Amino acid sequence: MFALRTLARRSYEPEIMDAGIGSFSFYDQSLNQIEKVNDWTLGYRPFLRWIAPQLTEGCAVLDVGFGRGALLRKIWTVARQGGIARQLSGIDLGEWSMNA
């Protein structure tokens, strides 16, 4: 049975993606599906609208929990369109992130 969890307190339980999802193929497929949902629902738009004016010359962006780097690629595109030099970096607990 599904139990509702409260958001009143920080959970320290490992996330499924960080705790080991089985195989690299399943991990990669899961991230691909998340990216598709974000594209279909226009989920990236609010963040990209917010960050675009922040992308000033020489700025640096760190994406914590970057997965396959989809958001970093979107930020890179926005910065490139504005002719802004940028330094984009990502870190992730998932051992498969760099290969996805």
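Modeller: What follows goes from the chain as a whole to the salt bridges, and then to the parts beside them.

The model is a predicted one. Its protein chain contains 4 helices and 2 strands, and their order from the N terminus is α-α-α-β-α-β. Of the 100 residues, 23% are buried. Among contacts with a separation of 6 or more, 73% are between residues 24 or more positions apart. The chain exposes about 7700 Å², with carbon and sulfur atoms supplying 57% of that area.

Side chains of opposite charge can pair when their charged atoms come close. There are 4 salt bridges in the structure. One of them joins E35 to R68, with 2.9 Å between the closest N and O atoms. This pair links distant parts of the chain, since E35 sits in helix 2 and R68 in the loop between strand 1 and helix 4, 33 residues apart. E35 also meets R73 in a salt bridge, at 3.7 Å from N to O. Here the link runs from helix 2 to R73 in helix 4, over 38 residues. The two ends of that pair can be set side by side: E35 counts as buried because its relative accessibility is 12%, under the 20% limit, whereas R73 has a relative accessible area of 44% and is therefore partly exposed. E35, R68 and R73 belong to a network of salt bridges that also includes D28.

A further salt bridge is formed by D39 and K74, whose closest N and O atoms are 3.1 Å apart. D39 lies in helix 2 and K74 in helix 4, so this pair ties together parts 35 residues apart in sequence. Both ends are partly exposed: D39 has 38% relative accessibility, and K74 has 29%.

D63 is a charged residue without such a partner. It is placed in strand 1, residues 59-64, and is buried yet has no salt bridge. The nearest side chain of opposite charge is R73, 9.0 Å away; a salt bridge would need a side-chain nitrogen within 4 Å of a carboxyl oxygen. Beyond its neighbours within four places in sequence, D63 is in contact with L71, L72, S89, G90 and I91.

The nonpolar residues complete the picture. In soluble globular proteins, nonpolar side chains tend to be buried together. The largest nonpolar core here has 10 residues: Y44, L48, I51, L55, C59, V61, A70, I75, A79 and I84. Helix 3, strand 1 and helix 4 each give two or more residues to this core, and the largest share, 3 residues, comes from helix 4. L48, one of the core residues, is in contact with L71, K74, I75 and V78, leaving aside its neighbours within four places in sequence.

Together with L62 and I91, V64 makes a nonpolar surface patch of about 300 Å². I91 is also among the contacts of D63.

How values were computed. Residues are numbered from 1 along each chain as its sequence is written. This is a predicted model: local features need pLDDT of at least 70, side-chain atom pairs count only at pLDDT 80 or more; totals for chains, interfaces and linings use all residues. Side-chain values use heavy atoms; hydrogens and water are left out. Buried means under 20% relative accessible area, exposed over 50%, partly exposed in between (1.4 Å probe, protein chains only). Lys and Arg count as positive and Asp and Glu as negative; His and the chain ends are not counted. Contact means heavy atoms within 4.5 Å. Patches are made of residues with over 30% relative accessible area and no salt bridge: like charges are joined within 9 Å, nonpolar side chains (Val, Leu, Ile, Met, Phe, Trp, Tyr) within 5 Å. Accessible areas come from the Shrake-Rupley method with a 1.4 Å probe; for residues, only the protein chains shown count as cover. A nonpolar core is a set of buried Ala, Val, Leu, Ile, Met, Phe, Trp, Tyr and Cys residues joined through side-chain atoms within 4.5 Å.
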